[in-house]
Amino acid sequence: MTGNQGDSVPACDRVPRPTQVVGHRPASSAPPPGSTERAARLDCDKLDDQLKVIRQREHPDLKIGPHCDDPYTCPLHDHCWAFLPEQSVLDLYHGTKKGFGLLDQGVILLKDIPDNTKLTENQAIQRQVAVTGQPHIRKVRLREAIGRQGSIVAFNAKFEKGRLRECCEVLPNFAPWLAHIKGRFVDLLEPFRSFDYYHPKQAGSASMKAVLPALTGRGYEHLAIQEGNTASLEFLRVTFTEVPKVERQRVRRQLEEYCGHDTEGMIWIFNALRKL
Ligand code: SF4
């Protein structure tokens, strides 16, 4: 393809039909009757569209939309979406369609969403936070989420309680609450650290990264972020340094996937132990 807008590119009806192509096809892969003609028609339609685009002097002025991530994320995503500022309407929680609708109306920022726009309760909180610049915190609800009884399961509870203590140094109002709940922690690390259970695949480690695959067959290989150090560094990088918004969003999604896997992993470990 030379970029010449003349007739150097063959029109679709001049491209050989697949039935005319010989060789390279194993006999066993012969297509079912009629399918080659259908495929040829489909390919021609696509090819004509592609040729029209290729012959244009300017790239098509396409808008971003759900097609950018469906059926997979477009490689040009970061480029095309770079114009979006922080706190844009595409951040609306469970609001992709609504967000693109607002963009079509010229509303880009969450804080500019018109009052008469129908929003869910969570989306309304997002707009309010964007307007005030202050976080929305339901402290009572947060405390109630832990409840007043029942176990709080952690893998390496000593470590988790240490981080909570550090949080209370910054937010001392929560110190009495932590003192009240810390006796309820149950440490899922204990049976592995004490070798009440040991699998050869743990390779001398009682960490969750070793225990989870050994006990349940579920690992971390499919995740973009696979262990805690990377998670911490990535969190710091996208939170406290200048990175494009789309990258920050992508890393936050990856962090949520990693944390979700670690949390659900404790349930899988617990259920596997119960079956022993
Ligand atoms: S990200 Fe890809 S699909 Fe979306 S507008 Fe850009 S080029 Fe098109």
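Modeller: What follows goes from overall confidence and fold to the ligand shell, the cores and a few backbone details.

Biologist: Fine, so what is the average pLDDT of the protein chain?

Modeller: This is a predicted model, and its protein chain averages a pLDDT of 82, with 83% of the residues scoring at least 70.

Biologist: And where does pLDDT stay under 50?

Modeller: That happens over residues 1-30, a stretch for which the model has 17 contacts beyond four places in sequence.

Biologist: How many helices and strands are there in the protein chain?

Modeller: The protein chain has eleven helices and two strands, and when read along the sequence they come in the order α-α-α-α-α-β-α-α-β-α-α-α-α.

Biologist: What share of the residues counts as buried?

Modeller: Of the 276 residues in the protein chain, 8% count as buried. As for contacts between residues at least 6 apart in sequence, 50% of them join residues at least 24 apart.

Biologist: Now the ligand. Which residues are around it?

Modeller: Around the ligand are Leu62, Ile64, His67, Cys68, Cys74, Leu76, His77 and Cys80; sorted by class, this shell has six nonpolar residues, two polar ones and no charged ones.

Biologist: What about phi, then; which value does His94 have?

Modeller: Phi of His94 is near 50°, a positive value in a residue other than glycine. His94 lies in the loop between α2 and α3 (96-104), and His94 is exposed, with 9 other C-beta atoms within 10 Å. Asn156 also has a positive phi, near 75°, and its place is in the loop between β1 (152-154) and α6 (157-170). With 16 C-beta neighbours inside 10 Å, Asn156 counts as partly exposed.

Biologist: Switching topic: which residues make up the largest nonpolar core?

Modeller: That core has eight residues, namely Phe155, Phe192, Met208, Val211, Leu212, Ala214, Leu215 and Ile269. Helix α9, covering residues 208-216, gives the most to this core, with five residues. Apart from it lies another core of six residues, including Val89, Leu90, Leu92 and Leu102. As background, nonpolar side chains tend to be buried together in soluble globular proteins.

Biologist: And Ile269, what does Ile269 touch?

Modeller: If residues up to four places away in sequence are not counted, Ile269 touches Leu188, Val211, Leu212, Leu215 and Thr216.

Biologist: Last two. Where is Glu227?

Modeller: Glu227 has its place in the loop between α9 and α10 (228-240), where Glu227 is partly exposed, with 14 other C-beta atoms within 10 Å. Glu227 and Lys209 are 18 residues apart in sequence, and their C-alpha atoms are 7.7 Å apart in space.

Biologist: And Thr132: which helix is Thr132 found in, and is it buried or exposed?

Modeller: Thr132 is found in helix α4, which covers residues 121-132. Thr132 is exposed, because 10 other C-beta atoms lie within 10 Å and a count of 12 or fewer is classed as exposed. Thr132 and Lys111 are 21 residues apart in sequence, with 8.7 Å between them in space, C-alpha to C-alpha.

Methods: Residues are numbered from 1 along each chain as its sequence is written. This is a predicted model: local features need pLDDT of at least 70, side-chain atom pairs count only at pLDDT 80 or more; totals for chains, interfaces and linings use all residues. A residue is near a molecule or strand if its C-beta atom, placed from the backbone, lies within 6 Å of it. Ala, Val, Leu, Ile, Met, Phe, Trp, Tyr, Cys and Pro count as nonpolar, Asp, Glu, Lys and Arg as charged, and the others, Gly among them, as polar. A nonpolar core is a set of buried Ala, Val, Leu, Ile, Met, Phe, Trp, Tyr and Cys residues joined through C-beta atoms within 7 Å. A residue is buried if 20 or more other C-beta atoms lie within 10 Å of its own, exposed if 12 or fewer, and partly exposed in between; C-beta atoms are placed from the backbone. Helices (H or I, at least four residues) and strands (E, at least two) are DSSP runs, numbered from the N terminus. Two residues are in contact if their C-beta atoms, placed from the backbone, lie within 7 Å. pLDDT is the predictor's confidence in each residue, from 0 to 100.
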